[in-house]
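Hi there,

Here is the structure I promised to hand over. Have a look at it first, and then read on for what turned up.

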Amino acid sequence: MTTPHKSFVLMLEGVNKTFDGFKAISDLNFYMDEGELRTIIGPNGAGKSTLMDIITGRTKPDTGKVEFGRDTDLTALSEHEINRLGIGRKFQTPSVYIHHTVFENVLLSLKGSRGVFAALFSRTTPAQRGRIDEVLNTIGLAGKGGRLAGSLSHGQKQWLEIGMLLAQDPKLLLVDEPAAGMTDEETHKTGELLLGLAGRHSIVVIEHDMAFVRQIASKVTVLHQGSVLCEGTVDEVQNSEQVIEVYLGRKKKDKH
Ligand code: ADP
Ligand code: MG
């Protein structure tokens with residue numbers, strides 16, 4: 001009897017990556033269901049960003065499987081090809097076009113946009129305008145389409161960049177520390193935005209801010225020295241002996 005093959009949106013198995021003798025990713029296994037919102041935490045240097053680099057093809061693993069959907073081998077594809085498959089990534093610092101309007105920023109990211117010049121100087125179609133309005137609504141920037149992106153607050157720029165990813169209608173969204181540098185209110189709004197996107201998209205969020213993690217997380221993966229230390233709900237990982245040891249540098253039993 002064969003076990004039915006469970007289909008993951010993303011699967012990494014036995015992944016290793018060494019930089020100049022330093023093992024950044026070590027026998028890593030990571031599985032994600034379609035539509036899941038997964039949060040990754042872990043101390044600095046744990047390999048969180050490298051994991052995203054490997055998924056997006058920016059870094060190639062030395063060994064191991066990285067598969068997207070039923071059986072697409074991401075290790076064989078370029079960064080560009082992986083992006084075209086529907087994997088979008090948001091880096092920590094916002095990189096919006098500050099001299100263009102909010103509307104233009106989203107327009108430039110729309111699927112099928114034929115280059116910057118064509119996108120900006122040809123007439124936009126009603127379908128494009130409809131889609132841009134939809135994106136601006138989702139990211140809480142409705143009515144701000146005419147603003148220069150450079151005039152937005154830090155939080156608004158981060159949302160715009162998420163909107164630029166959404167314009168490409170990604171299946172999988174990778175978001176690295178979205179709440180960094182945000183006010184508490186912006187952080188909370190970002191959480192609501194991500195919660196609203198889950199289900200329609202599969203999302204991986206790297207985050208440090210535990211209040212934010214608690215707001216958004218259903219399943220948390222703790223990364224340590226390049227592999228998964230623990231996975232579970234926020235409460236489960238916060239009460240895990242191994243996690244406490246890694247974060248606080250001591251064992252529970254040291255107390256007595
Ligand atoms: P995290 O995001 O969890 O803080 P990173 O994935 O950025 O950790 O880094 C993990 C380790 O790998 C760090 O020690 C870092 O210096 C190293 N590293 C990451 N990328 C590179 C690279 N391109 N070249 C050399 N070392 C790297
Ligand atoms: Mg990082």
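Before the ligand, one cut-off: a polar contact here is a pair of N or O atoms within 3.5 Å. Please also keep in mind that this is a predicted model.

**Ligand 1**

With that cut-off in hand, Lys-48 qualifies, because an N or O atom in its side chain is 2.8 Å from an oxygen atom of ligand 1. Thr-50 also takes part through its side chain, where an N or O atom lies 2.5 Å from an oxygen atom of the ligand. Gly-47 contributes from the backbone instead: one of its polar backbone atoms is 3.0 Å from a ligand oxygen. How much of ligand 1 does the protein bury? Taken alone, the ligand exposes 560 Å², and the protein buries 60% of that.

Helix 6 covers residues 154-166. At 1.5 Å a residue its 13 residues should span 18 Å, and the end C-alpha atoms are 19 Å apart, so the two values agree. Is this helix mostly covered or mostly open? Mostly covered: 12 of its 13 residues are buried. Among them are Trp-159, Leu-160, Ile-162 and Met-164, but also Lys-157 and Glu-161. The partners that the buried residues pack against are strand 6 (87-90), helix 3 (102-109), helix 5 (126-138), strand 7 (172-176) and helix 7 (184-197).

Glu-161 may interest you if you look at polar contacts. This residue sits in helix 6 and has a relative accessible area of 8%, so it counts as buried. Which groups does its side chain reach? One is the side chain of Lys-90, in a polar contact at 3.4 Å, and another is the backbone nitrogen of Ser-95, at 3.0 Å. Leaving out residues up to four places away in sequence, Glu-161 touches Lys-90, Thr-93, Pro-94, Ser-95 and Val-96.

**Two backbone angles to check**

Most residues other than glycine have a negative phi. Asp-27, in strand 2, has a positive phi near 45°. Asp-169 is not a glycine either, and its phi is positive at about 50°. This residue lies in the loop between helix 6 and strand 7, and it is partly exposed, with a relative accessible area of 45%.

**Gly-232**

Is Gly-232 buried or exposed? It is buried, because its relative accessible area is 8%, under the 20% cut-off. Beyond residues up to four places away in sequence, Gly-232 touches Ser-218, Lys-219, Val-220 and Val-237. How far is Gly-232 from Gln-128? The two are 104 residues apart in sequence, and their C-alpha atoms are 40 Å apart in space.

Best wishes

Key
Residues are numbered from 1 along each chain as its sequence is written. Chains are lettered from A and ligands numbered from 1 in the order in which they are written. This is a predicted model: local features need pLDDT of at least 70, side-chain atom pairs count only at pLDDT 80 or more; totals for chains, interfaces and linings use all residues. Side-chain values use heavy atoms; hydrogens and water are left out. A polar contact is a pair of N or O atoms within 3.5 Å; within protein, one must be able to donate a hydrogen and the other to accept it, and residues adjacent in sequence count only if both atoms are side-chain atoms. Accessible areas come from the Shrake-Rupley method with a 1.4 Å probe; for residues, only the protein chains shown count as cover. Helices (H or I, at least four residues) and strands (E, at least two) are DSSP runs, numbered from the N terminus. The expected span of a helix is 1.5 Å times one less than its number of residues. Buried means under 20% relative accessible area, exposed over 50%, partly exposed in between (1.4 Å probe, protein chains only). Contact means heavy atoms within 4.5 Å.
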